[in-house]
Amino acid sequence: MTPLLDQSISDIFRTFMNEEPLENALKQLQTKYSEFPFAINVQSLADRHYDYRKVLNVGQAFHDSFAPVAQLNPLPSVLKRVDIEEPCRPHRHFRKEDIHADYVGNFIEPNQNIDRAITLMIDRQNGLCSYINISLPYAVSENDEDQLFEEVKFLQPYFRNAFQLALQRRMREAVAPTKALGKFWLEQMPFSALVVDENSSVQVMNGRAEKLLSKHTNLQLGRYMRLSAKAVDEASALESAVRQSIYTHTLPSPVIIRNEFGPNTLVFIQPIETQKDAPDYLSHFLARPKYCLLMVFDPTDFAEVPDKMISHLLNLTPKETEVVKALTNGASTRDAAEQLGISYNTARNHIANVSRRLDVGSQTEIVRLVMTTLSRYPWQT
């Protein structure tokens, strides 16, 4: 192994494990072949859209000449079918006369006739491809081309392995709430909380949820720990909301579980997000975890939360906090006014001020925001 390859392997793993800019993994090759354009791409092979693109060793003229004819690039059609485990020389898979004349005249010829390339594929899945394309000017000898090809061939497995390690770590972190950490996380919440999958099967829940579901008249756990409601329409609404949260990554309306003998139960649902700070060359390959958080609000179950906590987290005045707590405990505006010894209009004004300050449009959204906020902060009962 040459010093260049030895250092390159170190650069590759450090780059992916530390999630540094991907060009850091190419420092050795980029320096040695400083006249060759190195294009780092994440591209859809179906519509040829670039989710990420960075080209090294080039000036602005290179980018300006490529952009107008990018959709004519023949490379994606080659990357669809070649072996991902080996680097390829795309120019051997088509004839120059088969390339669109505009691509040749507007891009290849103005850029030192770069009609040859060596492509290292890092990953390819579901029509999305991450790859490094090294363009070779016309004057490059076959010996230099062969030498670069052998170096790229040697390094390709390290790129692929390091990428997969970084990807798996990110995906493990994204579903951490369903593992041992999840139990600790849920126990900090002052209400019943569960993590379920796309089939509403419970992955983990806190002790408060276990107690609530053991005695709840209209919520139940079935086979495979599947959460459902006894009423058919409510069961359908709960299932639909869970799937909406997971597949559209949006917040569905709370599901109302009716209780003919007392206050209704509300189930608030929110998707569990992947970490948004992943670098672009990784983020597009991260599958969203198929889990969501269910926060079950039953007025008889909700823990007493200190006023200071709600006031501090949501930046509310003491009076606003009292009204919000009453709403969160299942009271209507009129009930909250009676409980607090204030007029109905005063309670309404407090709610309007809170809605405006928190930029929400309804009392339900205020309750959701309180629960969501509390779910993100450590809590001890």
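Strand 1 is a mostly covered element, with seven of its seven residues buried; buried here means under 20% relative accessible area, exposed over 50% and partly exposed in between (1.4 Å probe, protein chains only). Strands (E, at least two residues) and helices (H or I, at least four) are DSSP runs numbered from the N terminus. The model is a predicted one, in which local features need pLDDT of at least 70 and side-chain atom pairs count only at pLDDT 80 or more, while totals for chains, interfaces and linings use all residues. Residues are numbered from 1 along each chain as its sequence is written, and side-chain values use heavy atoms, with hydrogens and water left out.

Both faces of strand 1 are covered, with Phe-38, Ile-40, Val-42 and Ser-44 buried on one side and Ala-39, Asn-41 and Gln-43 buried on the other. Strand 1 pairs with strand 2 in the antiparallel sense over six bridges, where pairing requires that DSSP finds at least two bridges between two strands. One of the residues involved is Ala-39, whose bridge partner in strand 2 is Val-55. Five residues lie between the strands of this hairpin, and Arg-48 there takes a positive phi near 70 degrees. Strand 1 is also joined to strand 4 by seven bridges, again antiparallel, and Asn-41 has Tyr-131 of strand 4 as its bridge partner.

Rolling a probe the size of a water molecule over the atoms shows where empty space is left.

The whole structure contains eleven aromatic pairs; rings of Phe, Tyr and Trp (its six-membered ring) pair if their centres lie within 6.5 Å, and planes under 30 degrees apart count as stacked, over 60 as edge-to-face and the rest as tilted. Phe-16 and Tyr-281 form an edge-to-face pair, 5.8 Å centre to centre with 90 degrees between the planes. This pair links distant parts of the chain, since Phe-16 lies in helix 1 (residues 3-18) and Tyr-281 in helix 10 (residues 280-283), 265 residues apart. Both Phe-16 and Tyr-281 are buried. The pair of Tyr-50 and Phe-66 is edge-to-face because the ring centres are 6.2 Å apart and the planes stand at 70 degrees. Tyr-50 belongs to strand 2 and Phe-66 to helix 3, so this pair ties together parts that are 16 residues apart in sequence. Tyr-50 counts as buried at 18% relative accessibility, and Phe-66 at 6%.
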